[in-house]
Amino acid sequence: MKAPETFETPAAERVNYINAQYGLKSWLLTKDHKRIGLLYLGSISFFFLIGGLYAMFIRLELLTPQGDFLSSATYNKVFTQHGIIMIFFFLIPSIPATLGNFLVPLMIGAKDLAFPRINLLSWYIYLLGGIITIYALLAGGIDTGWTFYVPYSTTFSNSYVIATGAGIFISGFSSILTGLNFIVTIHTMRAPGMTWFRMPLFIWAHYATSLIMILGTPVIAITILLLAFERLAHVGIFDPANGGDPVLFQHLFWFYSHPAVYIMVLPGMGIISELIANFSRKNIFGYSFVAFSSLAIAVFGFLVWGHHLFVASQSVYAGMIFSFLSFAVAIPSAIKVFNWTATLYKGSISYDTPMLYALGFIGLFTIGGMTGLFLAALAVDVHLSDTYFVVAHFHYIMVGGTLLAYLGGLHYWWPKITGRMYPEGWGRFSALTVFVGFNLTFLPQFIAGYMGMPRRYHAYPPEFQVFNVLSSAGASILGVGLLIPLIYLIWSMRYGKRAEANPWHLPGLEWRTPSPPPTENFLVTPVVTWEAYEFAPPEELRVIGMFREDEGLENADAVIDGKPT
Amino acid sequence: MSEHIVSLKVYFTIFIALMVGTALTVWAGLQDFPGPLNVIVALTIAVIKATLVVLYFMHVRYSSRLIWVVFASALFWLGILFALTFGDYWTRGWL
Amino acid sequence: MGAPLAAAVEHEHSHPALQHHFENLEQQREAGTLGMWVFLVTEIMFFGGMFFAYTLYRTKFPDSFATASNHLSLPLGAVNTVVLILSSLTMALAVYSAQVGKRRNLILFLVLTIVLGSAFLGIKAVEYRDKYVDHLIPGKLIPGNPFNPAVAAHGDTDPHKLHLVGNAKVKEVEMFYWIYFAMTGMHAIHMIIGVALLSVLLYFAWRGRYGPEYHNPVEILGLYWHFVDIIWIFLFPLLYLLGRHLLHSA
């Protein structure tokens with residue numbers, strides 16, 4: 001056990017999780033949740049770039065009404081692969097596996113997640129699934145749409161369905177293991193004094209997310225496995241050629257895949273709750289409502305999947321029930337939006353980069369959610385189903401929601417993760433660019449879709465061209481807006497201003513340990529005596545366990561309490 | 001250690017109960033009960049046997065409330081899957 | 001640097017099995033047990049998809065499912081049920097032996113559990129072989145031996161042929177056998193994993209790692225083993241028994 005740090009130790013010389021060990025091996029075999037979070041950060045960024053590349057091809061093709069850039073067969077593969085990479089290899093792991101992995105133990109005052117080895121295993125499983133999927137893409141790709149609908153995927157498609165399915169099946173286990181780790185950690189590893197209702201809302205959101213991961217992912221796993229056998233051995237329960245029912249596949253697929261949308265957006269909502277409270281320097285309005293609405297979304301999220309089957313020969317009565325339940329899930333989402341807005345009221349708001357992303361999130365998520373109500377309405381959906389209205393709707397949730405929250409969170413915790421500040425000016429500039437680019441990309445798609453432009457075709461009638469040109473132009477701006485942070489964040493890891501332990505002067509436990517944190521997270525086990533968003537003057541928010549050499553042990557104890565007397 | 005050690009007597013009693021249940025379910029399976037009663041009897045015996053395993057062999061009877069909740073949540077979510085999907089299949093012929 | 005603080009910072013390693021990020025063995029045990037239960041929840045949902053498919057198609061094709069079910073060997077299925085429940089008992093006794101610190105009994109019961117588990121798998125293999133002989137392996141799962149059972153004519157009692165009940169159709173019988181192989185196959189894979197893990201446990205038990213203070217691995221593997229048992233407790237009546245009574249009327 002090394003000697004504890006003191007204030008006198010210069011930041012550069014402190015031992016932290018990054019400089020505690022060097023070499024590739026120390027990273028590839030690490031059991032430190034913070035390092036595993038960074039491993040995930042690197043790998044999901046890689047997959048994001050691939051998914052982004054496919055998005056670029058889509059937008060290039062749709063610039064003109066004729067299918068002149070990609071053949072229809074290639075276009076089918078491009079949009080399928082865009083969806084599969086973005087959903088299974090970026091959006092689902094994005095926030096939980098990177099920021100969640102890094103922050104869950106820090107925020108509840110634990111030394112690590114409950115099962116560090118399983119945590120590392122989950123990254124390798126993710127990587128294996130990713131490599132198999134990349135193999136499938138290189139070998140010839142897949143063209144079924146990310147939804148793998150039967151019987152196309154079982155009988156008619158000539159693309160690499162089984163290899164891609166195997167990749168998704170395997171990577172699903174990484175998601176299950178992450179969720180399992182979070183649930184057990186949050187239940188058993190909280191620091192003394194960290195009661196359930198003192199937990200930051202980020203933790204509540206991750207708890208709810210983990211529930212979905214645990215309860216939903218196994219169902220998609222067995223579904224994909226059975227699908228592979230249908231294709232491979234002509235046995236089955238889905239394909240009509242085998243006497244099966246294709247709608248059963250859709251039921252089982254969406255039983256996971258609709259809640260999966262909440263796997264993507266719930267952790268984002270957790271981040272936004274942190275950002276809104278902390279950058280307004282106000283306790284969150286209605287803490288328990290925001291906390292329980294996360295759980296409510298996790299539960300209600302499992303009751304609505306049938307709204308994907310409104311036009312798939314599902315019974316009308318089931319459709320009515322699912323329609324009603326889909327409206328109901330808007331309630332907990334709306335609770336969150338209203339509470340965030342109420343938190344802003346009379347707060348002392350600062351418009352740093354993370355807050356810009358958070359404010360953007362509220363607006364875009366609201367648009368995404370409200371248009372969801374159009375689609376949940378049984379009759380309206382018959383008109384809108386499979387149009388660009390749907391495409392725009394879920395991009396407002398996935399990109400306008402999850403991606404913006406992810407970027408906001410990444411900036412907000414960047415000083416904690418790397419010990420360096422990002423350049424604030426560039427940060428604000430890129431946040432605005434992303435916001436403008438995103439809206440220009442997807443707002444026109446609502447109109448095109450409402451006018452009847454169907455999704456998943458490489459050619460379209462000329463009257464839709466104006467919307468598509470606007471959309472492609474917006475996509476370029478969005479692309480630039482996303483590349484800027486990629487560059488300056490990497491730059492800042494080496495050249496950024498050194499970050500203090502608590503650059504935003506916040507009460508959260510993760511800010512009460514040095515930046516970057518030591519391997520064991522805290523110098524001493526913290527004892528929590530304050531509420532999640534109880535703001536205090538900066539001088540009271542000292543690093544837990546760090547004291548001046550002349551203060552002695554009694555004072556150190558007082559600091560451990562969080563508020564030196 | 002605050003764990004509860006289940007006595008040998010309990011283990012053997014449960015084992016015998018499970019054996020009786022197995023014999024009973026085989027016997028019942030060979031009888032020609034009216035209507036859907038065969039299915040109901042078979043499933044009732046299976047549920048009772050599973051409950052005994054969960055409560056005693058898996059120590060849930062002596063475990064914290066949390067374990068109860070975890071286990072119940074799995075059944076609840078399985079119930080959602082069955083209920084809502086069957087809701088579709090049952091009502092398809094209605095219109 | 002003050003020595004007293006170093007003592008306060010350093011947490012005690014009271015037991016060699018205590019991992020560094022837990023405060024004490026009790027917390028470690030709680031986490032391990034809860035972790036296994038959460039894992040079992042995922043298993044319930046995993047098998048749940050197949051149970052749903054079974055329920056759906058059984059209500060759709062009751063006669064075909066009865067036909068196919070009647071072709072399974074009830075004696076072998078029943079014996080396997082007894083074997084598996086017996087293995088659950090030995091597993092529970094293994095946990096008990098670890099709790100009270102009887103190392104020799106622990107080893108004995110782990111060996112018995114492994115033997116019984118392997119016996120189950122052996123009997124299962126015999127059953128699979130019978131289905132192979134009768135060309136009842138669905139689709140093209142086995143290359144060169146597609147699903148192609150002989151159908152018994154009225155009065156023919158050849159047990160290797162399918163005896164169609166009511167409105168049964170061969171195509172729907174194939175669906176039953178696919179669900180049968182998917183469910184029992186997935187169950188068997190879980191058994192194989194269980195036996196492998198038990199062997200690892202046996203090695204550490206032989207090395208004397210588990211005692212009254214620390215035996216969480218034995219405990220949570222026990223949970224897993226009992227869970228696999230429970231799956232079979234449901235599979236047995238659903239696959240082997242339902243529809244058996246129709247034999248009389250046929």
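Biologist: Which residues touch the most other members of the largest nonpolar core?

Modeller: A nonpolar core is a set of buried Ala, Val, Leu, Ile, Met, Phe, Trp, Tyr and Cys residues joined through C-beta atoms within 7 Å. A residue is buried if 20 or more other C-beta atoms lie within 10 Å of its own, exposed if 12 or fewer, and partly exposed in between, with C-beta atoms placed from the backbone. In soluble globular proteins, nonpolar side chains tend to be buried together. In this structure the largest such core has 272 residues, and Ile108(A), Val41(C) and Ile179(C) touch the most other members. Helix H7 (residues 201–233) of chain A gives the most to this core, with 22 residues. Domain 1 (1–63) and domain 2 (64–95) of chain B both contribute residues, so the core lies between them. Apart from this core lies another, of 9 residues, among them Ala501(A), Leu506(A), Leu523(A) and Ile544(A).

Biologist: Which residues does Ile179(C) touch, not counting residues up to four places away in sequence?

Modeller: Two residues are in contact if their C-beta atoms, placed from the backbone, lie within 7 Å. With residues up to four places away in sequence left out, Ile179(C) touches Met50(C), Ala53(C), Tyr54(C) and Tyr57(C), and also Ile237(A) in chain A.

Biologist: Is Val265(A) buried or exposed?

Modeller: Val265(A) is buried, because 28 other C-beta atoms lie within 10 Å. Helices (H or I, at least four residues) and strands (E, at least two) are DSSP runs, numbered from the N terminus; Val265(A) lies in helix H8 (residues 246–280) of chain A. Leaving aside neighbours within four places in sequence, Val265(A) is in contact with Ile397(A), Gly401(A) and Thr402(A). Gly319(A), by comparison, is 54 residues from Val265(A) in sequence and 25 Å away in space, C-alpha to C-alpha.

Biologist: How is the overall form of a chain read, and what does chain C show?

Modeller: For chain C the value is 24 Å, whereas a compact globule of 250 residues would have one near 18 Å. The C-alpha trace of chain C spans about 90 × 35 × 35 Å along its principal axes. Chain C has 8 helices and 0 strands, and 48% of its 250 residues are buried. Among contacts in chain C with a separation of 6 or more, 75% come from residues 24 or more positions apart.

Biologist: How many residues of chain B are in contact with chain C?

Modeller: In chain B, 37 residues are in contact with 33 residues of chain C. H3(B) gives the most to the side of chain B that touches chain C, with 12 residues. Ala, Val, Leu, Ile, Met, Phe, Trp, Tyr, Cys and Pro count as nonpolar, Asp, Glu, Lys and Arg as charged, and the others, Gly among them, as polar. On that basis this side of chain B has 27 nonpolar, 8 polar and 2 charged residues.

Biologist: Where is caution needed in chain A?

Modeller: The guide is pLDDT, the predictor's confidence in each residue, from 0 to 100. Chain A averages a pLDDT of 93, and 94% of the residues score at least 70. Over residues 552–565 of chain A, however, the pLDDT is below 50, although this stretch has 29 contacts in the model beyond near neighbours in sequence. Where pLDDT is low, the predicted coordinates should not be read in detail.

Technical notes. Residues numbered from 1 in each chain as written. Chains lettered and ligands numbered in written order. Predicted model: local features only at pLDDT ≥ 70, side-chain atom pairs only at ≥ 80, totals over all residues. Rg over C-alpha atoms; globule rule 2.2 N^0.38 Å. Domains from an automatic or database assignment.
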